[in-house]
Amino acid sequence: MPRPEVRIVTFSIDGREVQAPEGVMLVDGAKHGDVEIPVFCYEPKLGQPVGACRMCLVEIEGIPKLQTACSTPVKDGMVVHTQTTRVREAQNSVVEFLLVNHPLDCPVCDKGGECPLQDITFGWGRGISRMVEPKRHFKKPLELSPLIAIDRERCILCYRCVRFSQEVSEDYQLILHERGAQSYVGTFDSHPYVAPFSGNIIELCPVGALTSRPYRFRARPWDIEGAGTVCTLCPSQCNVELTVRDERVLRVLGRDHADVDDGWLCDKGRFAYQAIHSEERIVEPLVRDGDQLRPASWERALSAAASALGKARGSVGALAGGTTTNEEAFLLQRLVREGLGSADVDSRIDGSPMPLELQRALAAPALGATVPDIEFAHTVLVLGTEPVDDAPILDLRIRKGVRRRGVQLAVATPRPSSLDRNAKLWLRYAPGAEHAFLAALEAALGASGDVDRLCAVADADPKAVRALADLLGEDGRGDVVILWGERVGAAALPALLNVAGRLGLAEREGAGLLEVPASANGRGLREAGMQPNAGPGLSEVAAAGRSAQQIAAAAADGELAALYLLHTDPIRDGADAPLWRRALARASTVIAHSAFLTDELREHATVVFPAESYAEKEGTVTHPDGRLQRLRPGIGHPGSVRAEWSVLAELERAVSVRVPQGDTNGHSSPLTGPMATRQLVEAVPFYAGLTLEEIGGRGVRWQERAAAEAFPAGPAGPFDVGEPTPVASPHGALRLGTFRSIWAAPEVEHAPALKFLARSATLEVSPADAERLGIENGDRVRVGNDDRSVEARAAIRGNAPAGTVFLDAGLPAGGASELVDGTPVSVDRAGVEVTA
């Protein structure tokens, strides 16, 4: 779907001739002439205006009545007046009306000092009140949710929060109760408003009616300062502004970026900042002394780590994930490869490495889609990912495209998706069967192959696959965006590229592929060289190393002496927790950067360096669409925490046989953060010439720079798909699928405000299977295969496919990683085995 053409029109406002895009609302068009029209209810991100507050009334020549500027589009030749007596009288009256019942409690209101109602009252109000009658009173404040307090006396009924709930996040929980002066915002039957994006209504509220419970009464606007950075808690990489007081983050606000996040935040990004200041956080180095980890000086910790790594030279495996920056990944892979003589580095903790030629083909600039492309595409296919869990803001962008632009949505996932009800077509396949499913889709699009046979291998409906092929090829194969999850697996990638080729995605502007990585900076880590089969810039390596799973197996067998873990907990993030426990126990040296101690680190770590939070980091990350974004420190380091790029640089100097610091070829260990960035840029050809100043506060897509011509070209295809491996046949047992909730994260578990959302193992079961097994919602069940088992709470999900159960992953213990991946499971209830 092409972007709307922008046509500039000229109109007059208060005697000034102003040019603005045709069709924009007069409120926004007036800004082009530096004219401010006051509003309360208007917010462009919420969609079509509703004109509820009447604050924006203006006079338009040729129209006898005053018009709402928020719902009147500008037209060529329009003459507008905002300063006439009629307009001023109307605006005065609206302000007076809003203040009839609004309490005069600004000195104790959290919104005081940054309140639009205060500002508009001073700028457009009468300055006096004629009302002497008692104001209305409600019980205050009420807990709208564990995160949000509502003061109903302050509400001016602008509808912003209700519209967000119903038209943006589409959770449909907020409604207006009662009528007239007794109207108030609430939920049905006063249920708590718990939803992934609920915190956005706090920022949307133009008065102090909705406030953040964690921030309530913590600071006044004149006590704080703002610091812009990027949230690295998930691949969405939302732009945020940290509210800082006395070197503590007290609040996180959205920093509107239409190409990244549309100004929205998920609740994890908005409230997990509390984990930064958790009392359980590691703020000094820990070194093993006998069977205990004890605090140590930086000199001792660095010396112990360098000595242990030096002894393990050539036998070191390194993993990176989580909030690792591009610079940290670049320095770690250089430390291990060139300083320690090992090729065993990886950032795909729970998957096999992508072949280099496929990575280059997938990352080709012509094939990459952007976040706004999702909104304007003809068709969007969500493949093997649940956006609300894996990259929440992309979920909102998809909903926006469907609701406002008429985007046709198709969802193909093993597990039911929250987007199914928005989709024109949704279909299921067996967990782990992406290879066969994509091969069937390619065949349905015209390639050779038996669609019915391949669908049988994938346990997918052939009719649905053919319908999907027709949908993707509809309208002369219009702009199609395929949003795919990294967890589809390397084996499925040739078929994915062939599907993209058959749809001609590389030849169409606004079409393409957009990957959702498994970790927040997955794309950046790979481009920085943190993978076993490619160096910085997806370059060839002399010898490929082991993947994450192979590193675990080698360490468990005694073939690797040392493990280096940067911002990753393989027990939580990996696919085989028992294997990783054996690996950590067998390795003679375990070096970790971590914010919190886990049981495994407490038992096996040699040295633990305190990890930075994203609020303290300096460096860059790469968005899934290739946009490099800059992290800026908003607060100082607590305790004795140091910048992690500097820790890696110190280790490199201590263990490396490389050239000395004074080398002029840029190969010395960096002394400053910008120096580390410069070395990264010099090592990645398609980043060439990029500076932190160019990245700035909005980021830069490297595909849109001249240096993108240096990207190493991949094969053109078609690619050999191979024969898909049939999925395991349960034979009376159940297939096991996994999912990682948005709330399965250490930041959630250590943030007091979010602890009520922390995940425990949950097994999703279809109604048919639950009835057959005698399981009721909420029952405790035991799930097992191959002599492994975990306990979980049963959750009956109406649209779950029969024959398959889905278990939480990403838990510190007791999740899906405790079981053998790809093997059917049995389910026991109350100690009685109920399946074969």
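Colleague: To begin with the rings, how many aromatic pairs does the structure hold?

Modeller: The model is a predicted one, and it holds 8 aromatic pairs. One of them joins Y429 and F437, whose ring centres are 4.9 Å apart and whose planes meet at 25°; since planes under 30 degrees apart count as stacked, this pair is stacked. Both partners are hidden from the surface, Y429 being buried and F437 likewise buried. Elsewhere, F686, Y687, W702 and F711 come together as one aromatic cluster.

Rings also take part in contacts of another kind, with charged side chains. K45 lies over the face of W264, at 4.2 Å from the ring centre, while R152 places its charged end over the ring of Y184, 4.7 Å from the centre of that ring.

In soluble globular proteins, nonpolar side chains tend to be buried together. The largest nonpolar core here has 65 residues, and the members that touch the most others are F164, I201, L242 and L754. At least two residues of this core come from each of α2 (85–98), α3, β7, α4, α5 (200–204), β12 (239–245), β13 (248–254) and α12 (392–405), with α4 giving the most, namely 4 residues. Another core, of 53 residues, lies apart from it and includes L356, A528, L566 and I695. To return to L754, its contacts, leaving aside neighbours within four places in sequence, are with L147, D267, K268, F271, A272, W743 and V748.

The loop between α3 (116–124) and β6 (142–143) contains P141, and the peptide bond that joins K140 to P141 is cis, with omega about -20°. The loop between β7 (148–150) and α4 (160–168) contains L157, where phi is near 55°, a positive value in a residue other than glycine. L157 is partly exposed because its relative accessible area is 22%, and the limit for a buried residue is under 20%. A positive phi of about 55° is also found at D459, again not a glycine, in the loop between α14 (451–458) and α15 (462–472); D459 is partly exposed, with a relative accessible area of 42%.

Strands of a sheet pair through backbone hydrogen bonds, either parallel or antiparallel. In this case 3 strands form an open sheet in the order β26-β27-β28, and the pairing is antiparallel. At the edges are β26 (619–622) and β28 (700–701), each of which pairs on one side only. Strand β27 (residues 627–631) is joined to β28 by 2 bridges, and L628 has V700 as its bridge partner in β28. Across β26 and β27 lies helix α8 (residues 326–339), which runs at about 95° to β26.

G310 belongs to helix α7 (residues 298–311) and is partly exposed, with a relative accessible area of 26%. Its C-alpha atom is separated by 50 Å from that of V411, a residue 101 places away along the chain.

Definitions and conventions
Residues numbered from 1 in each chain as written. Predicted model: local features only at pLDDT ≥ 70, side-chain atom pairs only at ≥ 80, totals over all residues. Heavy atoms only, no water. Buried < 20%, exposed > 50% of the residue type's maximum accessible area, 1.4 Å probe, protein only. Core = buried A, V, L, I, M, F, W, Y, C linked by side-chain atoms within 4.5 Å. Contact = heavy atoms within 4.5 Å. Phe/Tyr/Trp six-rings, centres within 6.5 Å; stacked < 30°, edge-to-face > 60°. Lys NZ or Arg CZ within 6 Å of the ring centre and 35° of its normal. Pairing = 2+ DSSP bridges. Axes fitted to C-alpha atoms, helices over the stretch in contact; angles between N-to-C directions.
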